[in-house]
Amino acid sequence: VQLQASGGGLVQAGGSLRLTCAASVRSIRGYAVAWFRQAPGKEREFVAACSRTGGSGECTYYADSVKSRFTMSRDNVKNTVYLQMDSLKPEDTAVYYCAADDSVIASQYRNSVQYDYWGQGTLVTVSS
């Protein structure tokens with residue numbers, strides 16, 4: 001599985017961006033997918049996740065820091081996941097990575113080491 005993340009850029013605080021992660025796989029339905037981010041000098045942290053379709057298939061897992069501002073969604077026909085980011089803050093500045101795995105369980109969605117497949121990252125910079 002290859003993942004290609006895009007959509008990053010420079011935006012002012014309060015603005016919006018939409019990140020896209022395209023998966024080169026026959027069907028992404030069987031994969032849990034997630035977004036993580038890593039700011040300079042900090043560890044990679046969980047942002048959001050969607051469960052495998054067939055389970056709840058829902059994108060309802062969010063870090064507290066982004067809840068109500070970020071919305072993750074998936075399009076199983078296009079094998080693509082999205083991260084809509086609104087009301088961006090300077091502290092959202094980071095490289096954002098998409099990840100996927102076909103065996104991670106719900107209790108581990110927030111754990112980056114559980115994901116076998118990673119995109120290359122896309123930089124989001126939020127200016128104050």
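Leaving aside its neighbours within four places in sequence, D92 is in contact with R37, R69, F70, S87, V124 and V126. Contact here means heavy atoms within 4.5 Å. D92 lies in the loop between β8 and β9. Strands are DSSP runs (E, at least two residues), and helices are DSSP runs of H or I with at least four residues; both are numbered from the N terminus. With a relative accessible area of 0%, D92 is buried. Buried means under 20% relative accessible area, exposed means over 50%, and partly exposed is in between (1.4 Å probe, protein chains only). The C-alpha atoms of D92 and T80 are separated by 22 Å, with the two residues twelve apart along the chain.

The model is predicted: local features need pLDDT of at least 70, side-chain atom pairs count only at pLDDT 80 or more, and totals for chains, interfaces and linings use all residues. Residues are numbered from 1 along each chain as its sequence is written, and side-chain values use heavy atoms, with hydrogens and water left out.

The chain holds eleven strands and zero helices. Read along the sequence, the pattern is β-β-β-β-β-β-β-β-β-β-β. The radius of gyration is 13 Å, close to the 14 Å from the globule rule for 128 residues, so the chain is as compact as a globular protein of that length. This radius is taken over C-alpha atoms, and the globule rule is 2.2 Å times the number of residues to the power 0.38. Along the principal axes, the C-alpha atoms of the chain fill a box of roughly 40 × 25 × 25 Å. Of the 128 residues, 45% count as buried. The accessible surface comes to about 6,400 Å², and carbon and sulfur atoms account for 45% of that surface. Accessible areas come from the Shrake-Rupley method with a 1.4 Å probe; for residues, only the protein chains shown count as cover. Among contacts between residues at least 6 apart in sequence, 58% join residues at least 24 apart.

Four strands form an open antiparallel sheet in the order β1-β3-β8-β7. Two strands pair if DSSP finds at least two bridges between them. β1 (2-6) and β7 (70-75) stand at the edges with a single partner strand each, so one side of each has no neighbour in the sheet. From one strand to the next, the twist averages 15°. Axes for such angles are lines fitted to C-alpha atoms, for helices over the stretch in contact, and angles run from 0 to 180 degrees between N-to-C directions.

Strand β8 (residues 80-85) pairs with β7 in the antiparallel sense over six bridges. In this pairing, T71 stands opposite Q84 of β8. The bridge partner of S73 in β8 is Y82. Six bridges also join β3 to β8, and these two strands run antiparallel. Here C21 stands opposite V81 in β8. Five of the six residues of β8 are buried, so the strand is largely enclosed by the rest of the structure.

M85 is placed in strand β8. M85 counts as buried, at 0% relative accessibility. Apart from its neighbours within four places in sequence, M85 is in contact with G15, S16, L17, L19, R69, F70, Y96 and V124. The C-alpha atoms of M85 and A23 are separated by 20 Å, and the two residues are 62 apart along the chain.

In soluble globular proteins, nonpolar side chains tend to be buried together.

Two loop residues have a positive phi. Most residues other than glycine have a negative phi. S68 is not a glycine, yet its phi is positive, at about 80°. S68 is found in the loop between β6 (61-62) and β7. S68 is exposed, with a relative accessible area of 77%. N79, also not a glycine, has a positive phi of about 55°. β7 and β8 form a hairpin with four residues between them, and N79 is in the turn. N79 is buried, with a relative accessible area of 9%.
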